[in-house]
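User: I've got a model open and would like to go through some of its local features with you. Can we start with the backbone and then move on to other things?

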Amino acid sequence: MKDYNHQPHIVRRILAALIDYGLIYTFIYVFLMSFGTPTPLGGYSITGLPMLIPIAFWLLMTVGLESGLGGTLGNSIVGLKAIPQNGRNRKLSFSESFKRHFLDLVDLSFFGLPAILLLKRTEKCQRFGDLWAKTIVVKMSSLEKPATSRS
């Protein structure tokens with residue numbers, strides 16, 4: 001396993017999260033404003049099956065892109081990739097990616113403070129989702145080319 005230096009990319013991880021969740025929150029806001037019903041307190045609400053659309057969009061933009069294409073839009077833009085903790089250069093499975101992102105709500109609460117504290121204090125610069133999924137995030141430029149099979 002290659003030894004990755006994880007600490008220098010904390011700023012990149014924050015930027016990637018801002019890109020990813022900026023897009024997700026923008027979609028949810030536009031969706032609510034377009035299809036939601038005004039509430040007495042001045043907000044908007046969605047009920048029934050349409051509630052699944054923002055959840056599906058979140059799932060596609062995080063787990064879908066990461067397990068299907070190898071990275072979220074934010075990670076791809078800033079040159080990062082989530083890989084298994086063993087350092088093998090491969091796309092994450094649906095399960096690994098889902099575990100990473102299921103805990104985003106915890107990691108990104110209080111303006112991302114839990115994630116930032118963990119990134120700075122864990123040996124492999126992992127947040128709660130990474131610890132649960134047994135994944136690490138590395139710079140794409142530090143990855144070795146994945147082995148290709150020849151027939």
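User: Where is lysine 134 placed?
Analyst: In this predicted model, lysine 134 sits in the loop between α7 (128-133) and β4 (135-139). Its phi is positive, at about 60 degrees, although lysine 134 is not a glycine.

User: Buried or exposed, that lysine 134?
Analyst: Lysine 134 counts as exposed, because its relative accessibility is 54% and the cut-off for exposed is over 50%.

User: What about phenylalanine 110, what is its phi?
Analyst: Phenylalanine 110 has a phi near 50 degrees, which is a positive value in a residue other than glycine. Phenylalanine 110 is found in helix α6, and with a relative accessible area of 69% it is exposed.

User: Switching to pockets, what volume does the largest pocket have?
Analyst: The volume of the largest pocket is about 440 Å³. It is lined by 22 residues, of which Arg13, Ile14, Ala17, Leu18 and Leu108 are the closest to its centre. Two or more lining residues come from each of α1 (10-35), α4 (94-102) and α6 (109-121).

User: Which element gives the most to that lining, and how do the residues of the lining divide?
Analyst: The element that gives the most to the lining of the largest pocket is α1, with nine residues. By type, the lining of the largest pocket divides into 11 nonpolar, six polar and five charged residues.

User: And the second largest pocket, how much space lies in it?
Analyst: The second largest pocket holds about 320 Å³ of space. Its lining is made of 13 residues, and the closest to the centre are Tyr21, Tyr25, Trp58, Asp104 and Leu105. The elements giving two or more residues to this lining are α1, α2 (52-69), α4 and α5 (104-107), and here α1 gives the most, with four residues. The lining of the second largest pocket divides into 10 nonpolar residues, two polar and one charged.

User: Since α1 keeps coming up, how many residues does α1 have, and how far does it reach?
Analyst: Helix α1 has 26 residues and reaches 37 Å from its first C-alpha to its last, which is close to the 38 Å expected at 1.5 Å a residue.

User: Which residues of α1 are buried?
Analyst: The buried residues in α1 are Ile10, Arg13, Ala16, Asp20, Tyr21, Ile24 and Phe31. Arg13 is also one of the residues closest to the centre of the largest pocket, while Tyr21 is among those closest to the centre of the second largest pocket.

User: On to the rings, how many aromatic pairs are there in the whole structure?
Analyst: A search of the whole structure gives eight aromatic pairs. In the pair of tyrosine 21 and tyrosine 25, the ring centres are 5.7 Å apart and the planes are at 50 degrees, so the pair is tilted. Tyrosine 21 and tyrosine 25 are separated by about one helical turn, because they are four residues apart in helix α1. Tyrosine 21 is buried, with a relative accessible area of 11%, whereas tyrosine 25 counts as exposed at 54% relative accessibility.

User: Which residues do ring pairs link into a cluster?
Analyst: Trp58, Phe94, Phe98, Phe102 and Trp132 are linked into a cluster by ring pairs.

User: Last one, what does asparagine 75 touch?
Analyst: Leaving out residues up to four places away in sequence, asparagine 75 touches Ala16, Asp20, Glu66, Leu80 and Met140. Asparagine 75 lies in helix α3 (residues 73-78) and counts as buried, at 8% relative accessibility. Two of its contacts, Ala16 and Asp20, are among the buried residues of α1.

Methods: Residues numbered from 1 in each chain as written. Predicted model: local features only at pLDDT ≥ 70, side-chain atom pairs only at ≥ 80, totals over all residues. Heavy atoms only, no water. 1 Å grid on protein atoms, 1.4 Å probe; cavity = no way out; pocket = protein on both sides within 12 Å on 5 of 7 lines; lining within 4 Å. Points joined across faces, edges and corners; volume = space filled by probe spheres on them. Nonpolar A, V, L, I, M, F, W, Y, C, P; charged D, E, K, R; others polar. Buried < 20%, exposed > 50% of the residue type's maximum accessible area, 1.4 Å probe, protein only. Contact = heavy atoms within 4.5 Å. Expected span 1.5 Å × (residues − 1). Phe/Tyr/Trp six-rings, centres within 6.5 Å; stacked < 30°, edge-to-face > 60°.
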